[in-house]
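Welcome! Let us walk through this structure together, one region at a time.

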Amino acid sequence: MTANAEKVTFLQSLQALVPFLSANAKKELEALSELLTMFKTTSLAELKNALVKQRKNFLKTPDGFVARIEKFQNGETPDFGDPDTVETLVADFRKATASTVKAVAKKFDLALTDKKDADAFERWLKTGVKPPTAEELLKDEIDSEIKRALELRDQTRRELAPETIRQILEIAERVKKTFKAPGLAIFMRGVDAIPTAKTVAALMKELRDFLEDYALNRYKATQIREELSY
């Protein structure tokens, strides 16, 4: 008997039951027939194998890996295979393609760039704490310079002298030299300036203008306090 004959015999056996089936059961039988045709299979065993293979392949895709993580986080029982653990997810992340890492980073808003970030991925799975972004890491390196600039700026409430402005700008020059425009923008935000420019030259001008305005406003505030004190 050929494979096609086996398929026909199988379906015919089921179809012989049609007169005795409810409307819902008839729909189920029709769906089964369509699945057998769709997956080019001739028996339920072959259909099962085809579905298992397809599911395995899906779970290896970026969307499939994201789905596994979601089920793990939600404590859901997977509809295929054994439940994931931190260990299984991290092991597969270490072998992940660039597109898979990108999908995970986008879906969960994580600062992950490649599979070498597996340790950060593992910490996030265990603790829920997201790995630091590139900007956060950069800020950590610049924080000491920001602190020094704030100390200079706030060493007195009376004025912001030109010499103090010059010293703060010198610190900004060091930051600019080491960390370029991204670092300079972070430094500016740290001293309450709002960076809008893109180039380092334009950012330095914005910082200088901010400090000069800050000095003027502080001077005016000092004058008002002194007038009120009389």
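How many salt bridges does the count come to? The count comes to 19 salt bridges, where a salt bridge is a side-chain nitrogen of Lys or Arg within 4 Å of a carboxyl oxygen of Asp or Glu. Before we visit some of them, a word on what you are looking at. This is a predicted model, in which local features need pLDDT of at least 70 and side-chain atom pairs count only at pLDDT 80 or more, while totals for chains, interfaces and linings use all residues. Residues are numbered from 1 along each chain as its sequence is written, and side-chain values use heavy atoms, with hydrogens and water left out.

Let us begin with a pair in helix H8. Helices here are DSSP runs of H or I with at least four residues (strands are runs of E with at least two), numbered from the N terminus. Lys139 and Asp143 form a salt bridge, their closest N and O atoms lying 2.8 Å apart. Both belong to helix H8 and sit four residues apart, about one turn of the helix. An α-helix has 3.6 residues a turn, so residues three or four places apart point the same way. Lys139 is partly exposed at 39% relative accessibility, and Asp143 is partly exposed too, at 29%. These words have cut-offs: buried means under 20% relative accessible area, exposed means over 50%, and partly exposed lies in between, using a 1.4 Å probe and protein chains only.

Another salt bridge joins Arg189 and Glu135, with 3.0 Å between the closest N and O atoms. This pair links distant parts of the chain, since Arg189 is in helix H9 and Glu135 is in helix H8 (residues 134–153), 54 residues apart. Arg189 has a relative accessible area of 43% and Glu135 one of 45%, so each counts as partly exposed.

Glu76 is partly exposed at 39%, and Lys71 is partly exposed at 24%.

Now follow helix H9, which covers residues 162–190. A straight helix of 29 residues would span 42 Å at 1.5 Å a residue, yet H9 spans only 20 Å between its end C-alpha atoms; the expected span is 1.5 Å times one less than the number of residues. Where does H9 bend? The bend is at Lys180 and amounts to about 135 degrees, taken as the angle between axes fitted to the seven residues ending there and the seven starting there. A proline, Pro182, follows within four residues. Lys180 also has a positive phi of about 60 degrees, although Lys180 is not a glycine.

Just after H9 comes Asp192, with a positive phi of about 80 degrees. Asp192 lies in the loop between H9 and helix H10 (200–229), and this residue is partly exposed, with a relative accessible area of 47%.

Our last stop is Thr100, in helix H6 (residues 98–108). Is Thr100 buried or exposed? Thr100 is buried, with a relative accessible area of 6%. Leaving aside residues up to four places away in sequence, Thr100 touches Lys60, Thr61, Pro62 and Phe65, where contact means heavy atoms within 4.5 Å.
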